Amino acid sequence: MTRISTLIPVGLLAGAVLLSACNRAADSTSTAVVSTTSTGDPRAMQVAVIWRADIDSLATRIERLDSVLVSMSSLKSLGQARAAFVEARRTFKHAEAGLEYYAATSSREMNGPALPEVEENEGPEAVFPPTGFQVIEEGLYGADPLAERDALVQEVRTLRQILFRVQTLMQTQIVTDDRVWDAAKLELARIASLGLAGFDSPIAGHALGEADAALEGVARSLAPYRTDTPAWATLDSTIGAARAMLQAGADRESFDHFAFIVDRLNPLARALRETRVALGIGTPTERRAFRMEAASLFDSAAFDVMAFAPLDAVPATAEAVALGRTLFHDLRLSGDGQRACSSCHIPENAFTDGLRVNTARGGSPLARNTPTVINSGVQLGVFSDLRTTYLEDQVTDVVENVDEMHGSLETSARVLSADRAVAARFAAAFAGQRAAADSVVTAARIRTALAAYQRSLTRLNTPVDRALRGDTSALSAEARLGFNVFVGKGKCATCHFLPLTNGTVPPMYQKSEVEVLGTPVRADTARGTVDPDVGRHRLSRAEPHRYAFRTPSLRNVALTAPYMHNGAYPTLESVIDFYNRGGGAGIGIGLDNQTLPPDPLNLTAGEQRNLVTFLRALTDTTGTGRR
C-alpha cells in the first residue's frame with residue numbers, strides 16, 4: 001500500500017501527532033504538544049513512565065531478535081527467530097498507543113507496510129525502501145528465510161536505529177490526562193479498523209494475538225487512573241472479555257469478527273468513554289475526522305465531514321447546500337450549455353451513470369468510469385488517481401476539463417450573476433460572508449456550494465452500520481458471514497478500511513492509499529492484458545505508482561456497476577472472482593509492483609455468495625434523490 005504523503009492537510013492532524021510524513025529524520029514537531037488540561041498530573045506522568053519502560057523492553061526484544069538472526073542457520077534456529085520476532089511484536093503492541101500518538105512518523109517507519117514509500121513533494125526519484133517489522137515478517141515467513149538472513153539482520157539493525165531515536169524523543173514528551181485517554185480510544189479504533197483485518201501482520205497472520213497485546217497495552221496505560229468505582233469495574237470486565245475472545249480465537253479466518261466488534265469492542269469503547277467522564281477528564285479540542293466526542297468508529301455520529309474539508313472551510317448553511325443541489329443540475333456550468341454534473345452523476349442511479357465509461361465532448365469515450373459522489377465527503381483525495389485533495393478542487397477540475405464540461409467557473413459566475421433569482425440565492429447562502437469580488441456570485445462560491453452539496457450526501461446508516469451499532473436484526477445471517485469473510489479470509493478490509501470501506505487510513509484519516517491491482521482491459525480470467533491507464537504514475541512519475549489507483553468506498557457498491565477505474569467488471573461476482581484469483585497476477589498479468597497479494601484467496605462458492613450479500617447490505621441512499 002503506497003503512501004500519498006502529499007495528501008495530508010495540516011488541519012486534519014491531531015495536536016499530539018502534528019507530524020509530516022516527509023519528516024523522516026525525526027518526529028520533532030510532536031514535542032510541541034500543548035495540553036488542554038494540566039501538564040503536571042502525576043497519573044499522566046506515570047503513564048509516560050510505563051510507555052518509556054515498554055519502549056525500553058521493545059529495545060531489549062529487538063536486540064534479542066538481532067542476536068538470534070545472526071546465528072540463524074537451521075530450521076530450529078528459524079523457529080527461535082520467529083519466536084523472538086513474535087515477542088518483539090507483542091512488545092511493540094504494548095507500546096503502540098503511545099508510539100502512534102507521540103511518535104507517529106517513527107512508528108510508521110517501524111511498522112508500516114513492506115512497500116516502497118513515495119514522497120511526491122521531493123520528485124519522482126524520491127522512493128524510499130520500506131523498513132521495520134513488516135519487512136522482517138516478509139523475510140522470516142517467506143519462501144526461504146535462511147537465505148534472507150543477512151538482509152534480515154540489516155533490517156533489524158535499521159529498526160534498532162529508529163527505536164533509539166524514539167527512545168530519545170519520548171523522554172521529552174509532555175503526556176497529559178486528556179491525551180492518555182485519547183490515545184487509548186484511538187488504539188481501540190486502530191484494532192477495529194486495522195488490527196483485526198491483519199493490516200500489519202499480512203503474512204504471519206498474528207492479528208488476533210497482536211490485538212490482544214494491544215488491549216493489554218491499553219489496560220497497562222490506564223492502570224494509574226484505577227479507582228474502586230462501578231465505571232472501572234465495567235471497564236475492567238469489558239477489557240477482560242475482549243481479550244478472552246481474542247485468546248480463544250483459533251485463527252483470523254474462522255474468527256467471528258462481527259461478534260467481536262458488536263459484543264466486545266464497541267462496549268469496551270463506550271466503557272472507556274464513561275470511565276473517562278466519571279474521572280472528570282476532558283478531550284483535546286482540535287478538529288479531527290474521528291470526532292473527539294465519539295466513543296467508537298461505528299457510532300452514528302463518529303465522523304466530522306468538515307475535517308476532510310479545506311482549512312478555511314466553514315460548515316455549510318442549509319441555503320448553501322440547497323444552492324449546491326441546484327447548481328449540480330445547472331447546464332450553465334458547462335462551456336456549451338449541454339452538460340451538468342448530474343448528466344453523469346445521475347441521482348436516480350446512485351450518482352453514477354451505469355456506463356463502463358461515459359462520453360467526452362465530441363463523442364469519444366472518457367478515460368475512466370464515473371464514480372458515485374455519495375460519501376465523497378468522508379475521504380481524503382478525489383478522482384481515481386487522487387489528483388485533487390478536496391471536493392472544492394474537484395469542482396474546478398471537472399468544470400474546466402476540456403473532455404468533461406469544458407467550462408470556466410469565472411465565466412459561469414458572470415452568467416449566473418445575470419440571473420436575479422440565482423443571485424438572490426447566492427446572497428442568502430453566503431449571508432454575512434464578504435465576497436472576494438464585486439458580485440455576490442463568484443467562482444469560489446460556486447465551488448463551495450457544490451462541495452457543500454456533495455458533503456451533504458454522506459450516508460452512514462446502512463444495514464451493516466445499524467447491525468454493528470447493536471441492531472443485529474438489521475443484517476441477515478448470510479451478510480454477517482460475508483462480513484467475516486470481508487475482514488477475515490477475503491482480506492478486503494486491509495485496503496477498504498472499516499467502517500467507511502474506502503482507502504483513507506484510520507484512525508487519523510490523514511492520507512489515502514493507492515493500490516496496484518493489475519486491472520485488465522476487460523474481465524478476462526486468463527491471459528489478461530493490463531489496462532494501459534497508468535493511474536497515479538501520470539502525476540507522480542514514480543514507478544511504484546505505475547497502474548496505481550485510489551481505493552474507493554464500497555458503500556452503495558451494489559448500485560454502482562460496472563466496477564474498477566475502467567468499468568471492466570460488470571458485476572460484483574466478477575470483481576470477487578478477480579480478487580479470488582490474486583488480481584492481475586492470477587489472470588496472467590505480471591506486474592512487479594502489484595500491491596494486491598498475488599496469491600489466490602481460495603474462497604469457496606458459498607463464501608463468495610455471502611461476501612456479495614454483505615456488500616449489498618452496504619446500501620444507504622436515503623434522501624439522495626434515488627428512486
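Accessible areas come from the Shrake-Rupley method with a 1.4 Å probe. Worked out that way, this protein exposes about 24100 Å², and carbon and sulfur atoms supply 53% of that area. What you're looking at is a predicted model, so treat this as a quick tour of what the prediction shows. The protein has 19 helices and 5 strands. Its radius of gyration is 25 Å, close to the 25 Å that the globule rule gives for 627 residues, so the protein is as compact as a globular protein of that length.

**The whole protein**

- If you boxed up the C-alpha atoms along the principal axes, you'd need a box of roughly 75 × 60 × 50 Å.
- Buried residues make up 57% of the 627 residues.
- Now look at contacts with a separation of 6 or more: residues 24 or more positions apart account for 71% of them.

**A buried valine: Val156**

- You'll find Val156 in helix H5, which covers residues 149-170.
- Val156 has 0% relative accessibility, and because buried means under 20%, Val156 counts as buried.
- What does Val156 touch, once you leave aside its neighbours within four places in sequence? The contacts are Ile62, Leu65, Asp66, Leu69 and Ile136.
- Ala104 sits 52 residues from Val156 along the chain, and the C-alpha atoms of the two are separated by 19 Å.

**The second largest pocket**

- This pocket holds about 570 Å³ of space.
- It is lined by 26 residues, and the closest to its centre are Asp312, Ala313, Val314, Gln433 and Thr448.
- Two elements give two or more residues to this lining: helix H10 (318-328) and helix H14 (443-455).
- H14 gives the most, with 6 residues.
- Sort the lining of this pocket by class and you get 15 nonpolar, 5 polar and 6 charged residues.

**Cavities**

- Rolling a probe the size of a water molecule over the atoms shows where empty space is left.
- How many cavities of 30 Å³ or more turn up? The count comes to 8.
- The second largest cavity has a volume of about 130 Å³.
- Of the 15 residues that line the second largest cavity, the closest to its centre are Trp181, Lys185, Leu272, Arg273 and Arg276.
- Helix H6 (177-195) and helix H9 (257-278) each supply at least two residues of this cavity's lining.
- The largest share, 5 residues, comes from H6.
- By class, the lining of the second largest cavity has 8 nonpolar, 2 polar and 5 charged residues.

- Most residues other than glycine have a negative phi, and most peptide bonds are trans. Here are some spots to check against that.
- The peptide bond from Pro506 to Pro507 is cis, with omega near -5°. Pro507 belongs to the loop between helix H16 (477-487) and strand S4 (513-516).
- Another cis peptide bond runs from Ala561 to Pro562, with omega near 0°. Pro562 has its place in the loop between strand S5 (548-550) and helix H18 (572-580).
- Arg541 isn't a glycine, yet its phi is positive, near 60°. Look for Arg541 in the loop between helix H17 (537-540) and S5.
- Tyr547 also has a positive phi, near 70°, in a residue other than glycine. You'll find Tyr547 in the loop between H17 and S5.
- Is Tyr547 buried or exposed? Its relative accessible area is 18%, and the cut-off for buried is under 20%, so Tyr547 is buried.

**Helix H18 and its packing**

- Which residues of H18 are buried? They are Leu572, Ser574, Val575, Ile576, Phe578 and Asn580.
- These buried residues of H18 pack against helix H19 (605-616).
- After H18 comes Gly582, with a positive phi near 100°.

Notes. Residues numbered from 1 in each chain as written. Predicted model: local features only at pLDDT ≥ 70, side-chain atom pairs only at ≥ 80, totals over all residues. Heavy atoms only, no water. 1 Å grid on protein atoms, 1.4 Å probe; cavity = no way out; pocket = protein on both sides within 12 Å on 5 of 7 lines; lining within 4 Å. Points joined across faces, edges and corners; volume = space filled by probe spheres on them. Helix = DSSP H or I, 4+ residues; strand = E, 2+ residues; numbered from the N terminus. Nonpolar A, V, L, I, M, F, W, Y, C, P; charged D, E, K, R; others polar. Rg over C-alpha atoms; globule rule 2.2 N^0.38 Å. Buried < 20%, exposed > 50% of the residue type's maximum accessible area, 1.4 Å probe, protein only. Contact = heavy atoms within 4.5 Å.
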